Amino acid sequence: MFGLGWPEIVALVVIALLVFGPEKLPQAAAQAGRTLRSLRQMANNAKQDLQAGLGPEFANFDPTDLNPKNFVRKHLTGDLEDEWRSVTASVAGGDAVSSRPGTDLLDDFDELGYGELPPYDSEAT
């Protein structure tokens, strides 16, 4: 929950008890719950209004796609991620070069020994 562990949650409960007192704590928690519910409902309504205003062309529009990190991941590396998922699925299914469990496609390549130079391709550089 929000990256909080049990010690942080216990500390927040103790602070809430000290600030509100045991008599008003249930009322404060109920008010916080109502506020959170109304904020969530407003966000969902705004998302639905935005999708309705954009029209049927943007039926699968997700506002989180506007985050630059998600935008770049979706549009620049989306094909690569799909290809990687298909490769890993074929490895898991046993269709790949190595069907041993727990191995990777790179495990089939020979490793260089100590002091051994990698092959050099003068046309590639």
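This passage describes the fold, the surface and a few residues of one predicted protein model. Because the model is predicted, local features are considered only at pLDDT of at least 70 and side-chain atom pairs only at pLDDT 80 or more, while totals for chains, interfaces and linings use all residues. Residues are numbered from 1 along each chain as its sequence is written, and side-chain values rest on heavy atoms, with hydrogens and water left out.

The protein chain contains three helices and zero strands, where helices (H or I, at least four residues) and strands (E, at least two) are DSSP runs numbered from the N terminus. Read from the N terminus on, the order of elements is α-α-α. Of the 125 residues in the protein chain, 6% are buried, a term that stands for under 20% relative accessible area, with exposed meaning over 50% and partly exposed the range in between (1.4 Å probe, protein chains only). The protein chain exposes about 11,200 Å², of which carbon and sulfur atoms supply 62%; accessible areas come from the Shrake-Rupley method with a 1.4 Å probe.

The largest pocket holds about 180 Å³ of space. A pocket is here an open set of points on a 1 Å grid over the protein atoms alone, with protein on both sides within 12 Å along at least five of seven lines, and its lining residues have an atom within 4 Å of a point. The lining consists of Ile9, Leu12, Val13, Ala16, Phe20, Leu25, Ala28, Ala29 and Ala32, which divide into nine nonpolar, no polar and no charged residues.

Phe20, part of this lining, is found in helix α1 and is partly exposed, because its relative accessible area is 41%. Phe20 also belongs to a nonpolar surface patch, formed together with Val10, Val14, Ile15, Leu18 and Val19, with about 600 Å² of accessible area together. Such patches are made of residues with over 30% relative accessible area and no salt bridge, nonpolar side chains being joined within 5 Å; a salt bridge is a side-chain nitrogen of Lys or Arg within 4 Å of a carboxyl oxygen of Asp or Glu.

Phenylalanine 61 lies in the loop between α1 and α2 and counts as buried, because its relative accessible area is 18%. Aspartate 62 is found in the loop between α1 (6-54) and α2 (68-76), and is partly exposed at 26% relative accessibility. Phenylalanine 61 and glutamine 51, 10 residues apart in sequence, have C-alpha atoms 6.8 Å apart, whereas the C-alpha atoms of aspartate 62 and glutamine 51, 11 residues apart along the chain, are separated by 8.5 Å.

Key:
On a 1 Å grid over the protein atoms alone, a cavity is a set of points where a 1.4 Å probe fits but cannot get out, and a pocket is an open set with protein on both sides within 12 Å along at least five of seven lines; lining residues have an atom within 4 Å of a point. Grid points are joined across faces, edges and corners, and a volume is the space filled by probe spheres set on the points. Ala, Val, Leu, Ile, Met, Phe, Trp, Tyr, Cys and Pro count as nonpolar, Asp, Glu, Lys and Arg as charged, and the others, Gly among them, as polar. Patches are made of residues with over 30% relative accessible area and no salt bridge: like charges are joined within 9 Å, nonpolar side chains (Val, Leu, Ile, Met, Phe, Trp, Tyr) within 5 Å.
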